[in-house]
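Subject: Structure handover

Hello,

Please find the structure below. My notes on it come after.

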Amino acid sequence: MNSTDSTATVALVTGANKGIGYEVARQLGELGMTVLLGARDPGRRDEATAKLRAEGLEVHPLTIDVTGEESVRAAAEQVGERFGHLDVLVNNAGISGGTRQTPGSVDLGVVREVFETNLFGVIRVTDAMLPLLRRSAAGRVVNVSSGTGSMTHMTDPGHYFTGSPGFAAYPLSKAALNMLTVQYAKQLRPLGILVNAVAPGPCDTDFARDLGRSLPRTAAQGAAVAVKLATLGADGPSGGFFDEDGPVPW
């Protein structure tokens, strides 16, 4: 990063080198924001940054591993030094955990790994960036969750989730993330910072393919609702869970 424009609208997207995160970065950039493309792999990060810059977007690479205290702390320091504030934080980095999470034969190491990224990583990054978000006139935090985190959907006999295989890591991490979103929203609403969770819906990404799924929707479609929540007005909701059709039941 080499910009020092303190007037720019600055957005950080974690896990943004591919998939939904990449498309969120693209769409925020198309809205005129200065986007910090966060990723833990420097090669993939720089490749993704170059592609978006080739489209004329203001994008800066930021190395950040959401599971590492030092990495997150260093990233926050870099953002503070370069921009002095942060307007939008999209906590997109996440892992599926693969297939070793079947109830009855759960690999607890996988469960811990999934929670470390999908839940603890969100806490780690959000807390590190909060001093910068407080300096924004309209701070927004979007946590990328999943419809699988909806216990209503999971227990509705008419919903297709009820026929899906049981997983003991990924859906649990997203249900916990939804509750975490509510708690941050309660704490930060008085400061004008809106915090919401988003269910991008089933999209054809590497993430889905890791779970053996081929899906018809694009990553760009999944990203659109996250971008909408990242650009809410002052009277927008906080502490909610949304997909492209509106509120998702808990």
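Predicted model: local features only at pLDDT ≥ 70, side-chain atom pairs only at ≥ 80, totals over all residues.

Residues are numbered from 1 along each chain as its sequence is written, and side-chain values use heavy atoms, with hydrogens and water left out.

Helix pair

Helices and strands here are DSSP runs numbered from the N terminus (helices H or I, at least four residues; strands E, at least two). Helix H1 covers residues 19-30 and helix H2 residues 42-53; their axes come within 11 Å and cross at roughly 35°. The axes are lines fitted to C-alpha atoms, for helices over the stretch in contact, and angles run from 0 to 180 degrees between N-to-C directions. The crossing of H1 with H2 is right-handed (the near helix is turned clockwise from the far one by less than a right angle). On the H1 side the contact is made by Tyr 22, Ala 25 and Arg 26, and on the H2 side by Ala 48, Lys 51 and Leu 52 (contact means heavy atoms within 4.5 Å).

Helix H6

Helix H6 (residues 170-188) has 19 residues, which at 1.5 Å a residue should span 27 Å; its end C-alpha atoms are 27 Å apart, in agreement. The expected span is 1.5 Å times one less than the number of residues. Buried residues of H6 include Tyr 170, Leu 177, Tyr 184 and Leu 188 (buried is under 20% relative accessible area, exposed over 50%, partly exposed in between, with a 1.4 Å probe and protein chains only).

Aromatic pairs

Three aromatic pairs turn up in a search of the whole structure (Phe, Tyr and Trp rings, the six-membered one for Trp, with centres within 6.5 Å; planes under 30 degrees apart are stacked, over 60 edge-to-face, the rest tilted). Among them, Tyr 160 and Phe 161 have ring centres 4.7 Å apart and planes at 55°, so this pair is tilted. Tyr 160 is exposed at 54% relative accessible area, whereas Phe 161 is buried at 11%. Phe 241 and Trp 250 form a stacked pair, because their planes are at 20°, with centres 5.7 Å apart. Phe 241 is buried at 2% relative accessibility, and Trp 250 is partly exposed at 42%.

Ile 20

Ile 20 lies in helix H1 and is buried, at 15% relative accessibility. Its C-alpha atom is separated by 23 Å from that of Ala 138, 118 residues apart along the chain.

Regards
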